Amino acid sequence: MSQREWIRKAGLLLVLMPIGVVLLFLVRSAATPPPESFRFVIFGDRTGEARPGVFEQVWQEAALEDPAFVVTAGDTIEGMHDATAQAEWQEMERILEPYRRYPLYLTPGNHDIWSAVSERLFRQHAAHPPHYSFDQGPAHFTILNNSRADELSAAELTFLEKDLKAHAAQPVKFVFSHRPSWLISVALHNPDFALHQLARQYGVQYVIAGHVHQMLRFDLQGVTYLSMPSSGGKLRASEKYADGWFFGHALVAVQGTDIDFQIEELKPPYGQGRITKPTDWGVLGLVESRVGSRSRSR
């Protein structure tokens with residue numbers, strides 16, 4: 001090969017190399033699809049001395065965010081009386097009518113199930129048993145039933161273990177129950193309870209509950225425990241936002257294994273529309289050093 005031919009071919013190679021790199025990138029991109037993403041909403045308790053009109057506004061604001069589905073933390077009806085439970089569920093059906101396009105996953109609360117009759121009605125209107133699970137993309141959701149006891153029963157823990165084991169391959173995991181049976185142990189930084197051990201063993205990122213109507217966050221050995229704010233149930237104690245007492249919901253975005261939470265207070269007249277992250281909250285309410293840095297209004 002002459003020197004002139006060698007130079008010509010070397011120059012052609014330099015021209016073609018960037019094209020080859022681009023083609024290789026395109027092939028690899030096609031072979032590796034982007035991680036699946038979706039958004040869902042979490043509601044706190046609707047009842048427990050419900051304030052009229054709040055739950056309806058929670059739905060209105062949540063629907064504007066067009067979530068893939070909604071999960072509740074329990075207490076959908078006021079309940080506690082077999083004779084009036086069916087009428088209360090029918091009233092709930094009326095409220096939900098404009099939002100039927102959003103799949104709704106109910107966690108059973110003590111205001112939902114307190115007797116055999118109320119459990120039958122819950123199964124009928126929720127269209128699923130008191131404990132169950134489902135998948136969405138890379139995420140797995142386990143809903144537990146502690147509606148009739150403060151602690152999780154042995155049967156619920158057995159269900160949880162079998163469920164998490166069967167879905168161990170899912171990289172993102174959420175566990176819901178109505179009562180925060182974990183509250184005292186986690187607040188005392190005590191990891192020696194069955195729920196936490198299972199959560200750690202199977203890579204659960206979030207354990208979420210309602211019942212107390214207060215926004216609180218606890219972290220223990222890589223697991224985040226959240227107590228959800230009210231979505232209609234009575235605000236208690238100081239009723240102050242900084243103490244975690246407000247009406248709202250959470251918007252959660254999942255992209256692959258990345259999870260982004262927004263805690264969204266209702267807009268007027270039931271709130272000021274402030275938006276925070278779980279990390280802005282602690283075991284006693286809003287973390288003081290972050291009051292001005294992260295809380296913002298919509």
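Biologist: Which residues in H5 meet H7?
Modeller: On the H5 side, Leu 157, Leu 160, Glu 161 and Leu 164. They meet Ala 194, Leu 195 and Leu 198 in H7. Keep in mind that this is a predicted model.

Biologist: How do the axes of H5 and H7 cross?
Modeller: At roughly 0°, and they come within 10 Å. Angles under 35 degrees count as roughly parallel, so H5 and H7 are roughly parallel to each other. H5 covers residues 154–166, and H7 covers residues 194–201.

Biologist: Take Leu 157. What is it in contact with, leaving aside neighbours within four places in sequence?
Modeller: Leu 152, Ala 194, Leu 195 and Leu 198.

Biologist: And how far is Leu 157 from Leu 198, C-alpha to C-alpha?
Modeller: The separation is 8.7 Å. Along the chain they are 41 residues apart.

Biologist: What about Ala 168? Where is it found?
Modeller: In the loop between H5 and strand E6, residues 172–176. Its relative accessibility is 42%, so Ala 168 counts as partly exposed.

Biologist: Which residues does Ala 168 contact, beyond its neighbours within four places?
Modeller: Lys 173 and Tyr 202. Ala 168 also sits 9.5 Å from Gln 201, C-alpha to C-alpha. Those two are 33 residues apart in sequence.

Biologist: Switching topic. Which residues of H4 are buried?
Modeller: Ser 118, Leu 121, Phe 122, His 125 and Ala 126. The helix runs over residues 116–126. Seen down the axis of H4, the buried residues fall within an arc of 110°, so they line one face of the helix.

Biologist: Why would residues with that kind of spacing point the same way?
Modeller: An α-helix has 3.6 residues a turn, so residues three or four places apart point the same way.

Biologist: What covers that face of H4?
Modeller: The cover includes helix H3, residues 82–96. The axes of H3 and H4 come within 10 Å and cross at roughly 15°. H3 and H4 are therefore roughly parallel to each other. Their crossing is right-handed.

Biologist: Which residues make the contact between H3 and H4?
Modeller: H3 brings Asp 82, Ala 85, Gln 86, Trp 89 and Glu 93. H4 brings Val 117, Ser 118, Leu 121, Phe 122, Gln 124 and His 125. Among the H4 residues here, Ser 118, Leu 121, Phe 122 and His 125 are also on the buried list.

Biologist: What follows H4?
Modeller: Ala 127, with a positive phi near 65°. Most residues other than glycine have a negative phi.

Biologist: Where else is there a positive phi in a residue that is not a glycine?
Modeller: Ala 237 has one, about 50°. Glu 239 has one too, near 60°. Ala 237 lies in the loop between strand E9, residues 223–227, and E10. Glu 239 lies in the loop between E9 and E10 as well.

Biologist: Is Ala 237 buried or exposed?
Modeller: Exposed, at 68% relative accessibility. Glu 239 is partly exposed, with a relative accessible area of 49%.

Biologist: Which peptide bond is cis?
Modeller: The one from Pro 268 to Pro 269, with omega near 10°. Pro 269 is in the loop between E11 and strand E12, residues 274–276. Most peptide bonds are trans.

Biologist: Now the whole chain. How many helices and strands?
Modeller: Eight helices and 15 strands. Of the 298 residues, 49% count as buried.

Biologist: What share of the contacts comes from residues 24 or more positions apart?
Modeller: They account for 67% of the contacts with a separation of 6 or more.

Biologist: And the accessible surface?
Modeller: About 14500 Å² for the chain. Carbon and sulfur atoms hold 57% of that.

Note on methods: Residues are numbered from 1 along each chain as its sequence is written. This is a predicted model: local features need pLDDT of at least 70, side-chain atom pairs count only at pLDDT 80 or more; totals for chains, interfaces and linings use all residues. Side-chain values use heavy atoms; hydrogens and water are left out. Helices (H or I, at least four residues) and strands (E, at least two) are DSSP runs, numbered from the N terminus. Buried means under 20% relative accessible area, exposed over 50%, partly exposed in between (1.4 Å probe, protein chains only). Contact means heavy atoms within 4.5 Å. Accessible areas come from the Shrake-Rupley method with a 1.4 Å probe; for residues, only the protein chains shown count as cover. The arc is that of the directions from the helix axis to the C-beta atoms. Axes are lines fitted to C-alpha atoms, for helices over the stretch in contact, and angles run from 0 to 180 degrees between N-to-C directions. Angles under 35 degrees count as roughly parallel, over 145 as roughly antiparallel, 65 to 115 as roughly perpendicular and the rest as oblique. A crossing is left-handed if the near helix is turned anticlockwise from the far one by less than a right angle, and right-handed if clockwise.
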